[in-house]
Structure formats: C-alpha cells, structure tokens
Amino acid sequence: MSMTTYGFIGLGLIGGSLAKSIKRIYHEDAHIMAYDIDQKTLYAAQKDCVIDVICTRIDAAFLDCAYIFLCTPVSINQQILLQLKPFLSDTCILTDVGSVKAPIHQMISALQLDAHFIGGHPMAGSEKSGYLHSGDRLIENAYYILTPSDSVPDTSIKAYRTLITALGAIPLLLTYQEHDYVTAAVSHLPHVIAASLVNLVHDVDTKDGIMKLIAAGGFKDITRIASSSPAMWQQISLLNHTNIESLLQDYIASLSKIKDALRSQTKQPLFDLFGDAEQYRSSLPDQSAGPLKKQYLFYVDIPDETGVIATIATILASHQINLKNIGIINNREFEEGALRVEFYEETAMFDAVTVLQHHNYSIIERN
C-alpha cells in the first residue's frame, strides 16, 4: 500500500481521535500533518507518534494531502478555509467534523470549494474535550454521517466511505439538509428539553430541596445530557435554530394535547402517549451508534451491609475492570437494583456482569 498524507486543522477530541484511528489502522502507510494554535497539543501528538509533521502555519505543505480534516470551531472556519483554499490539490478531499452542516456547506459554496468538500459528522463524543482525552477507538461502531457537495466526484465519495469503514465507523450518506433536520430531532432538541426540565425542577423545588434530594434514578438518566458543555450547545442551537424551532413547536403542540387530556381527565390520549412511546422505544436498536452517547451500566441487588460496595469494587479491580461510577440508588421507584454501576466501555460492562454473576450477585441490565 502506498503512503497517504492526511492533514488536520485543529487537533482536539475529535481531530485527535481520528488521527489516532488512522495511525492505528494504517501505521507507517499514513503520513499525518497537523496545524493547531495550541503548540503543546501538537508536540504531545508528535510525542505519541500520532502525527509526523507539526505545521506552524497553513501553507503549501498541505498540497500533499489526500484528505484534510477541518476540526476547528465554527466561528473560525471561514478564516481557515480562506487560508487553505490555495493549498488544495485537485484530488484532495476536504471534510469537517461539525454537528451542524448548513453553515459549512454555505461557506464552501461561497468559496467555490464544492468539488473538494464532503461534510462529515462522527456521531461520537465524550464528556471531556481536547486532544488529551482523544482515543483511537472513539468512533468505532458509531454512525459517521457524510454530506457530500453536489459536485464532488463519486470516486471521492467512495474513497471516503472506504476510509471511514476501515476506521471502524458506519458511514451514512445524507444531504446536509437531511442531516440538520435529523440531528435536530434526535440530538439537539433532546438537549434543549433535558436542560429545560432540569431548570424547571430547580425553579419549582421546595425551599429545603426535597426534589433535588430524591431526583435520582430515572430523572438523572433522562436528563444526563443536560450536563453537556453550555458553550457548545448554545452554538449548536443557534446554528441549527430553524430546525430546532420547528421541532420545538411540534413538541409544544404535543405537550398542549397532553395538558388538555389531563385537564379533561380523558383516558385514551394518555394511554396512547405511554403505549406508543413504549412500543417505539422498544424498537430502537440496542447499539451505541446514535448521536446520544450510550451509557454502559447495570444495577446490582445488594444487602444493606457494611463494606458491600467496597467488596464489589475490589472484585472488579482484581479482574482489571475499570469503573466509571458506582453508588447506591436511594430512589428505587424506577430501579430494580440498589447499586448502580457504570463503565466507560461496553466490554468492561460485559466482563463485570460475568464476574459478579460468578460471585452470585443478581444483575439487572439496563435497556
């Protein structure tokens, strides 16, 4: 296999993870060069043998790139594209990793770079940011949405799909309009709803904070994405405001119908609300390839005895199983197990289930 040169503009969580994945798969056949305003990040990546060349500016060195990944904040994309435009070879594939596609496609069109551009959105992430938290398997088994410009050659699309597949992700081809509408429904709007629900409970809580005290289990599960970066979600909401506003209006209308059913004590609409939701949610695929990161956790039935949490943690540690979080569930209204155990990776969760069942613990897995 001949060596391929990959360029990165920005090397944070997603850019760093993609670079690490490429190096892991292609080794010496991948020549990676990167530019980032944070020189410490570049030196760290070079020390890790992830990148081969540190770029102190965007210049003719990028003419060698078969792929260039734009992984910078949306606010400086246009500035970066203007600098990059003179240094794109005829066959170079230019892509990004943003979670809203309309703005970047509009910039690309205005700069007449359509023949190069295939928008990209890896549906993966982390609670943490920056290169130091990147990983070579972050996008593995995750959907990777591609939004090609109309004038991109089919050969370029095929080559990019092949690359994404080789990295272990699942390529999905959409128009950028389809992408923004779909992600507004299954990612952006849920973040808005989760944040507004958390704020509602905060605002109506009793003076002694009883709601906060008992808000565990189900409430924390359905609102966990409210812990995401405020700056990032402010930007996403503004960039995709048209789609979010449209879907939010539909959601408000559905809430109004629920309110009317409650006021009139009409039974069927309420039964349909919960029945239809239960049926549709049960049909969702049980995999981590969606835009909202899956949690890897289960519950353990434990007796109320001193040292039981330490015992379980010790058992897992003795098998080199890394925990993310462990704690007692005091609100058991929607939970079957008293101890909630969470992991960073799916494999660790499966290993923990096997080990604890071997020690005769009763495990309740989360659907």
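This is a predicted model: local features need pLDDT of at least 70, side-chain atom pairs count only at pLDDT 80 or more; totals for chains, interfaces and linings use all residues.
I'm counting two residues as in contact when heavy atoms lie within 4.5 Å.

**His121**

Buried or exposed? His121 has 10% relative accessibility, and the cut-off for buried is under 20%, so I put His121 down as buried. Leaving out residues up to four places away in sequence, I listed what His121 touches: Val97, Gly98, Ser99, Lys101, Tyr143, Tyr144, Ile145, His179 and Thr183.

**Strand β9**

Next I went to β9, residues 296–301. I noted 5 of its 6 residues as buried, so the rest of the structure largely encloses this strand. Which strands does β9 pair with? I found β11 (residues 339–343), antiparallel to β9 and joined to it by 5 bridges. On that side I have Tyr296 opposite Phe343. I also found β12 (residues 362–365), again antiparallel to β9, with 4 bridges. There, Val300 stands opposite Ile363 of β12.

**α6 against α9**

Last, I checked how helix α6 (residues 176–204) packs on helix α9 (residues 230–239). I got an angle of about 120° and axes 11 Å apart, so I logged α6 and α9 as oblique to each other. I have their crossing down as left-handed. Who makes the contact? From α6 I wrote down Ser187, His188, His191 and Val192, and from α9 Trp233, Ile236 and Ser237. I sorted the residues of this contact into 3 nonpolar and 4 polar, with no charged ones.

Terms used
Residues are numbered from 1 along each chain as its sequence is written. Side-chain values use heavy atoms; hydrogens and water are left out. Buried means under 20% relative accessible area, exposed over 50%, partly exposed in between (1.4 Å probe, protein chains only). Helices (H or I, at least four residues) and strands (E, at least two) are DSSP runs, numbered from the N terminus. Two strands pair if DSSP finds at least two bridges between them. Axes are lines fitted to C-alpha atoms, for helices over the stretch in contact, and angles run from 0 to 180 degrees between N-to-C directions. Angles under 35 degrees count as roughly parallel, over 145 as roughly antiparallel, 65 to 115 as roughly perpendicular and the rest as oblique. A crossing is left-handed if the near helix is turned anticlockwise from the far one by less than a right angle, and right-handed if clockwise. Ala, Val, Leu, Ile, Met, Phe, Trp, Tyr, Cys and Pro count as nonpolar, Asp, Glu, Lys and Arg as charged, and the others, Gly among them, as polar.
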